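The following note sets out points for a colleague who is examining the model.

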Amino acid sequence: MRILVLGGTRFMGRALVDQAVSRGHDVTTFTRGQHGEPRPGAEALHGDRTRPADLRPLADRDWDAVIDTSVLAPAHVAASARLLAGCAAQYIYLSSLAVYPARPAEPVTEESATYPCAADAAGDEESLGYGPLKAGSERSVADAFAARHLIVRPGLIAGPHDDAGWLPWWLGRFAAGGRMLAPGQPGQPVWLTDARDLAAWILGSIRRKITGTVNVPGPRGRTFGDLLGVCGKVAGAHGSAAAELIWVPDDVLRAAGVAAGAGLPMWGPGVTADGDWEASGERARLTGMRYRPLLDTVQDTWGWLSGEAAAHGTRVADVARRAGFGLDREREQRILASL
């Protein structure tokens with residue numbers, strides 16, 4: 001297949017391109033060339049999607065599929081989709097479960113209401129909000145490609161080359177060792193999908209011409225206790241100092257002003273096993289989505305972080321840090337001391 005990836009050099013796009021190339025597909029990436037790195041075996045084109053003149057050459061070629069991994073205003077996604085509607089057989093848009101305003105208060109399915117953002121809305125993630133931006137972009141793609149589009153709504157994505165930093169933050173914290181804050185209760189559910197599994201499913205969906213909208217939340221049954229247990233096992237197996245987990249109730253974290261998400265990665269106050277934060281993944285399962293064991297994702301992410309640390313002459317605990325993301329050690333220890 002001839003596949004055009006709008007993006008394709010960072011994390012999820014990288015996983016898609018690498019797998020597509022390994023399967024023998026003819027892959028072209030279109031990026032600004034400012035981040036990530038060209039992928040071996042893929043043709044690399046450069047341009048700015050916000051400039052129509054940069055996009056026009058893409059319409060001079062035929063594509064079996066376009067995969068859009070961007071976080072751009074709906075107006076810019078609409079411009080790309082309209083331009084490519086006459087030369088591409090299918091358009092796959094990587095959206096997010098964040099399009100559902102009912103989450104986390106209620107479980108959702110693909111038929112649940114999404115944010116009412118216009119398909120031609122301008123702005124950015126900061127002005128529109130991430131969820132509304134993605135919802136408007138979905139409408140842009142559906143308008144241009146009618147019955148020839150696939151909207152993919154994943155939840156949290158993890159794995160090697162994770163530039164969002166959710167799982168790397170926890171691995172970095174385990175690498176530092178010592179008394180360590182664990183949020184809520186061990187039985188609280190956690191959902192995540194390995195980028196490589198999602199990439200494999202997307203490429204298979206193109207081949208099988210699956211269309212419509214599909215939630216990919218991750219497998220059910222995983223808990224925060226499972227996640228932190230595996231992270232601790234992997235970090236310990238590579239010589240990290242032992243970490244002593246101290247489980248801190250949600251109300252204590254809220255009182256301390258800890259924010260869900262970026263404040264403490266993957267934690268959401270009030271998450272229970274009874275449906276909160278849950279999105280149906282049945283359609284994904286029925287269309288072939290398969291999830292690898294959590295241990296594999298954590299081990300491979302640690303391996304990538306270790307390589308990055310070695311290349312920069314630093315520690316895993318340092319390379320996994322991201323400015324403004326997660327609790328700093330001083331604040332963590334203050335919360336633990338208050339118990």
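1. How many helices and strands does the protein chain have? The chain contains 13 helices and 11 strands, where helices (H or I, at least four residues) and strands (E, at least two) are DSSP runs numbered from the N terminus.

2. On provenance, this is a predicted model, in which local features need pLDDT of at least 70, side-chain atom pairs count only at pLDDT 80 or more, and totals for chains, interfaces and linings use all residues. Residues are numbered from 1 along each chain as its sequence is written, and side-chain values use heavy atoms, with hydrogens and water left out.

3. Regarding overall dimensions, the C-alpha trace spans about 60 × 45 × 35 Å along its principal axes. Of the 339 residues, 51% count as buried (under 20% relative accessible area; exposed is over 50% and partly exposed in between, with a 1.4 Å probe and protein chains only). The accessible surface, from the Shrake-Rupley method with a 1.4 Å probe, comes to about 14400 Å², and 51% of that area belongs to carbon and sulfur atoms.

4. On contacts (heavy atoms within 4.5 Å), 77% of those between residues at least 6 apart in sequence join residues at least 24 apart.

5. As to charge, the protein chain carries 36 positive and 38 negative charges, whose mean positions are 3 Å apart. Lys and Arg count as positive and Asp and Glu as negative, while His and the chain ends are not counted; each charge is placed at NZ of Lys, CZ of Arg, CG of Asp or CD of Glu.

6. The structure holds 20 salt bridges, each defined as a side-chain nitrogen of Lys or Arg within 4 Å of a carboxyl oxygen of Asp or Glu. One of them joins R61 and E43 at 2.8 Å, N to O. This pair links distant parts of the chain, 18 residues apart: R61 lies in the loop between α2 (52-55) and β4 (65-68), and E43 in strand β3 (residues 43-46). R61 is partly exposed at 32% relative accessibility, and E43 is partly exposed with a relative accessible area of 32%.

7. Another salt bridge is formed by R51 and D48, at 3.6 Å from N to O. Here R51 is partly exposed, at 46% relative accessible area, whereas D48 counts as buried, at 16%.
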